[in-house]
Amino acid sequence: MALSSESNKWKYDVFLSFRGVDTRRNFTSHLYHALFQKGVNTFIDYKELEKGEQISPSILRAIEGSRISVIIFSENYASSTSCLDELTKILECRDSTGQLVLPVFYNVNPFQVRGQHGSFAEYLAKHEEKFRDDINKVKRWRAALYQVSTLYGWHLGEGQESKFVQRIVEEIMNKLNLIPFNVAKHPVGLDSLTDDIKSLLDIGSNGVLAVGIYGIGGIGKTTLAKAVYNHIAHQFEGSAFLANVREISTQSHGLVQLQEALLS
């Protein structure tokens, strides 16, 4: 059971800021999929902006509506003015709404971003030439890069990318206070069944909705219910998973125990 809240100001759990040519088909894709598997509502922009194109109002709204922004610094991150604009917007939200900002340093050194050396120095010099009539814009980008590079984050270094992704997801889950159920070691076919149940729930609609999962004992009804819960619980202000309701309700004061567990 979960209780919806119209007052919830967060539309997304996580906003991913990244340079598409560097990480879209590898690291960022793996990170997004890992977050999705954990039921983390993550915004990712699949549209590759053309050179010089401004970020859209929908991207700005997505940043404003996210609890956490993960900024993936890569070799060509500073080449994109849209990435740098996203960065400054994210820091504005950090100051105004308390948004949590987590930097990831992918194949770049944090000191390279902080000191703006290497490719960062090269691209920022080009921006200064291009925006010489609006040099304050580049100064804001430089200040934003320095500020974010001093925050707690992750540096891939020489480590394994799969473990790197796992560490980031675990930390995000802790920050969101999302503690998923351990569903199954080998959940074969579980994803498609979970999607079927989620489509029936029509999340976001008004009113109360109940969906029943019926079948003989041992076929995985509870496992499926836990998987669905892991995927949707974060979208509600309050949630509770009550297991073994029939058995507990027949015990002495069993209904009271269930009510207390729900209300707690």
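Contact here means heavy atoms within 4.5 Å of each other. The model described is a predicted one. By that contact criterion, Ser 119 touches Glu 75 and Gln 112, with residues up to four places away in sequence left out of the count.

**Helix H2**
- Helix H2 spans residues 27–37, and Phe 27, Thr 28, Leu 31 and Leu 35 are buried in it.
- Viewed down the axis of H2, these buried residues fall within an arc of 95 degrees, so they line one face of the helix.
- Residues three or four places apart in an α-helix point the same way, because there are 3.6 residues a turn.
- The cover over the buried residues of H2 includes strands S2 (12–17), S3 (42–43), S4 (66–73) and S5 (100–105), together with helices H1 (20–23) and H8 (161–176).

**Ile 68 in strand S4**
- Ile 68 is located in strand S4, one of the elements that cover the buried residues of H2.
- Its relative accessibility is 3%, so Ile 68 counts as buried, the cut-off being under 20%.
- Beyond its neighbours within four places in sequence, Ile 68 is in contact with Asp 13, Val 14, Phe 15, Gln 99, Leu 100, Leu 102, Ile 172, Lys 175 and Leu 176.
- Ile 68 and Gly 98 are separated by 30 residues in sequence, and their C-alpha atoms are 9.3 Å apart in space.

- Ser 119 belongs to helix H6, which covers residues 119–130.
- With a relative accessible area of 8%, Ser 119 is buried.
- The Ser 119 side chain reaches the backbone oxygen of Glu 75 at 2.7 Å, and Glu 75 is also listed among the residues that Ser 119 touches.
- Gln 116 sits in the loop between helix H5 (110–114) and H6.
- Gln 116 is likewise buried, at a relative accessible area of 11%.
- Leaving out residues up to four places away in sequence, Gln 116 touches Phe 111, Ala 121, Leu 124, Arg 142, Leu 145 and Tyr 146.

**Nonpolar surface patch**
- Leu 200, Leu 209 and Val 211 make up a nonpolar patch on the surface, and together they have about 250 Å² of accessible area.
- Leu 200 lies in helix H9, residues 190–201.
- The relative accessible area of Leu 200 is 51%, so this residue is exposed, for which the cut-off is over 50%.

Conventions
Residues are numbered from 1 along each chain as its sequence is written. This is a predicted model: local features need pLDDT of at least 70, side-chain atom pairs count only at pLDDT 80 or more; totals for chains, interfaces and linings use all residues. Side-chain values use heavy atoms; hydrogens and water are left out. Buried means under 20% relative accessible area, exposed over 50%, partly exposed in between (1.4 Å probe, protein chains only). Helices (H or I, at least four residues) and strands (E, at least two) are DSSP runs, numbered from the N terminus. The arc is that of the directions from the helix axis to the C-beta atoms. A polar contact is a pair of N or O atoms within 3.5 Å; within protein, one must be able to donate a hydrogen and the other to accept it, and residues adjacent in sequence count only if both atoms are side-chain atoms. Patches are made of residues with over 30% relative accessible area and no salt bridge: like charges are joined within 9 Å, nonpolar side chains (Val, Leu, Ile, Met, Phe, Trp, Tyr) within 5 Å. Accessible areas come from the Shrake-Rupley method with a 1.4 Å probe; for residues, only the protein chains shown count as cover. A salt bridge is a side-chain nitrogen of Lys or Arg within 4 Å of a carboxyl oxygen of Asp or Glu.
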